[in-house]
Amino acid sequence: MTLALDEEAEAMRAGRFGPARQWAIAHQLEVGGYLGAADLVPVSQAHIMADTESLGASGVGWLEGLAALPETERRVRIPTMTDPRGTDFSQAARLGQQEWMLALERRVVAAFEALGVLMTDTCVTYQTIMPPVAGEHVAYGDTGVVIYCNSVLGARSNFEGGPSALAAALTGRTPRYGYHLEAARRGAFVVRLAVTPARLDEWGALGAIIGRLAGDYWRVPVIVGHERVPGSDALKHFGAAMASYGSVPLFHMVGVTPEAPTLAQVIDPATPALATIGEADLGRFRSGYDGRGEAVDVVVFSAPQLSLIEMQALAGLLAGRRTSVPLLAVTSPQVKPDADRMGMTAKIEDAGGTVLSGMCFYQSYARELAAANGWRVLATNSAKLANIIGGYGYRPVLLSLEACVEAACSGRIA
Amino acid sequence: MKEFRAASALGERVSGRALVAADNFSARYDLDRISGIFSRAEHKLAGRSYVGLVLVLNTVKGGVASAWMLREMKSRGVVPAAFAFNRVNPIMVQGAAFAGITMMSGFDVDITVAIPDGAQVALEPDATPPVLCLF
């Protein structure tokens, strides 16, 4: 399929705005053509996932090639933010990261700064930087950012991998397919909740179950039956897990999310529920990540980065305690100064924990961290992290925040 | 020889041996990208090398990392020769386009059933419609 281009985009394709924008348009034409886009839609923000474990040396070199272009040819055209980096430079030695990892990270930071990218280093932009508004077309990377902003805020985005998010930043446009189109945002199936979770790990488990039910990027779940309105952190874990387990970029929760004031707004109200999810289903899901009686090697709170409210809860549980195994709490560079100022960081670190800023555990050379520190059994309250980290050789155990803290202090999973 | 038509395709013509499973794919979640094997214990291809093979799988899962990782894998030569999926998400399209790796999706049959594991196949993304040939 051939995409219609306006005059300026045609000029980019012809190279009149330099090779960076010429590459970007060519990439967008290939991707948009594959996915059936008719044209490009203007976008107001971009968000780029670009940890160096993913880029490797070749990707870093490619970025540096763009950064070496003249300033008018290389600068992004719209506000462009970064997902977490692959390290917290101030804690890298404590984590056992190696100098070559840090050198790659420094090179990427320099390249992005030359491109005019804002080094926000966060996967919770919607809690910390500038949430999009309903109907706003954006080009976001990080599946958790996309699903939250699409679902909870009503923004319009597909999953934009690093190269595509950068292409959008350079052109100010993205191919108009998928969730930029109203028709694609209709619900595909209904899930009825017989249980409304209380804890964040349970919201993550629920999101994971629904993600598995969807099993596909193009099927939008519609959730009914919840007994109360979840808060931002609950929907953060819920959406991040759904996106991780099912590659789902959008859900509707009737009466909660803006496009679904009623069931009929998003799906035929006569549609029978594909599944009803109850306490037993959550239990079965958790049993897949059970570790009762085992020694734990490391406890990690990450993916998504912790909000100030999560940091407060963790600090409260650790006050006056002492950990016996490493406990890592990963937050954003925006939340960290507040956590410092309000004494949360001190409480966590006085108990033996480590507060990390601007990184994400699984995006920070997790396999090498395991080897360097002898970590295998990892306890977390993040269903998303539990899903991902198995591929890096860890044995994940999914627990509540409180049980994670107990495991960190006793060294054993109760 | 049998031909299977695809709805969408990109890249150049490729032929090779197929590595097939009724399972899904994520470069970050499923692979040891250094040694070139499926490392996720739960994956149906766990422990098997993917290097130089045509991966035939159901769909794509998880996050956005594959968009960068495919090019990085290709730069080291530890990469599949091509991909064939029943369905894709945008990340695989973006990653394959960025890396210059041939990919097809949207077949008129379940491609993970139609292609036997280890079979010799050829992908012709420039054909109209694009086809995957089973020899």
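Domain bounds come from an automatic or database domain assignment. The structure is a predicted model, in which local features need pLDDT of at least 70, side-chain atom pairs count only at pLDDT 80 or more, and totals for chains, interfaces and linings use all residues. Residues are numbered from 1 along each chain as its sequence is written, chains are lettered from A, and side-chain values use heavy atoms, with hydrogens and water left out.

**View 1. Domains of chain A.** Chain A comprises domain 1 (7-181), domain 2 (186-286) and domain 3 (290-410). The centres of domain 1 and domain 3 of chain A, taken over C-alpha atoms, lie 28 Å apart. Their contact (heavy atoms within 4.5 Å) draws on 29 residues of domain 1 and 28 residues of domain 3 of chain A.

**View 2. Helix H2 (residues 19-34) of chain A.** Helices are DSSP runs (H or I, at least four residues), numbered from the N terminus. The 16 residues of H2(A) reach 23 Å from first to last C-alpha, close to the expected 22 Å, that is, 1.5 Å times one less than the number of residues. Buried residues (under 20% relative accessible area, 1.4 Å probe, protein chains only) include A:Ala24, A:Ile25, A:Gln28 and A:Leu29. A:Gly36, with a positive phi near 85°, follows H2(A).

**View 3. Packing of H3(A) and H6(A).** The axes of helix H3 (residues 52-67) and helix H6 (residues 99-115) of chain A come within 9 Å and cross at roughly 40°; axes are lines fitted to C-alpha atoms over the stretch in contact, with angles from 0 to 180 degrees between N-to-C directions. Among the residues that meet are A:Leu55, A:Val60 and A:Leu63 in H3(A) and A:Leu104, A:Val108 and A:Phe112 in H6(A).

Terms used. Helices (H or I, at least four residues) and strands (E, at least two) are DSSP runs, numbered from the N terminus. Buried means under 20% relative accessible area, exposed over 50%, partly exposed in between (1.4 Å probe, protein chains only).
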